[in-house]
Amino acid sequence: MSPETAVERNKRKTLSGTVVSDRMSKTRVVEVSRLVRHPFYEKLIRKSNRFNAHDETNQSHQGDLVEIMGSRPLSRTKRWRVVRVIKAAPRAVLEGLAVPK
């Protein structure tokens, strides 16, 4: 989805999180963390949710920070769509390495 389309749909919810799984084709599992204050002890607690998000072009990979936006139901579990990759995770380059036989 292009950023222009995201501007048109600015009333939809957007969240940012980290891609924790990119094993499925066109689907990413994105973990969104937030801080919540405990009602009695008033200590900050980190809570997280995992969302299945649609990534049409398979542009995001594990470890990337992405922005997701709510959409119509795309499958049984997919209700979100990857809008853009905010920050790409460092990738290991394996070119030129000879694998011993």
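Student: In which sense do β3 and β5 pair, parallel or antiparallel?

Tutor: Strand pairing is read from the bridges between two strands and from their relative direction. In this predicted model, β3 and β5 pair in the parallel sense, over 3 bridges. Ala53 stands opposite Trp80 in β5.

Student: How many bridges join β2 to β3, and which way do these strands run?

Tutor: Strand β2 covers residues 27-37 and strand β3 covers residues 44-54; they run antiparallel and are joined by 11 bridges.

Student: What lies between β2 and β3?

Tutor: The two strands form a hairpin, with 6 residues between them. Within the turn, Glu42 has a positive phi of about 60°.

Student: Which residues make up the largest nonpolar core?

Tutor: A nonpolar core is read as buried residues joined through side-chain atoms. Here the largest one has 9 residues: Val19, Val30, Val32, Phe51, Ala53, Val66, Ile68, Trp80 and Val82. Two or more of these residues come from each of β2, β3, β4 and β5.

Student: Where does Ser71 lie, and is Ser71 buried or exposed?

Tutor: Ser71 sits in the loop between β4 (65-70) and β5 (78-87). Its relative accessibility is 15%, so Ser71 counts as buried, the cut-off being under 20%.

Student: Which residues does Ser71 touch?

Tutor: Leaving aside residues up to four places away in sequence, Ser71 touches Arg12, Arg79, Trp80 and Arg81.

Definitions and conventions. Residues numbered from 1 in each chain as written. Predicted model: local features only at pLDDT ≥ 70, side-chain atom pairs only at ≥ 80, totals over all residues. Heavy atoms only, no water. Helix = DSSP H or I, 4+ residues; strand = E, 2+ residues; numbered from the N terminus. Buried < 20%, exposed > 50% of the residue type's maximum accessible area, 1.4 Å probe, protein only. Contact = heavy atoms within 4.5 Å. Pairing = 2+ DSSP bridges. Core = buried A, V, L, I, M, F, W, Y, C linked by side-chain atoms within 4.5 Å.
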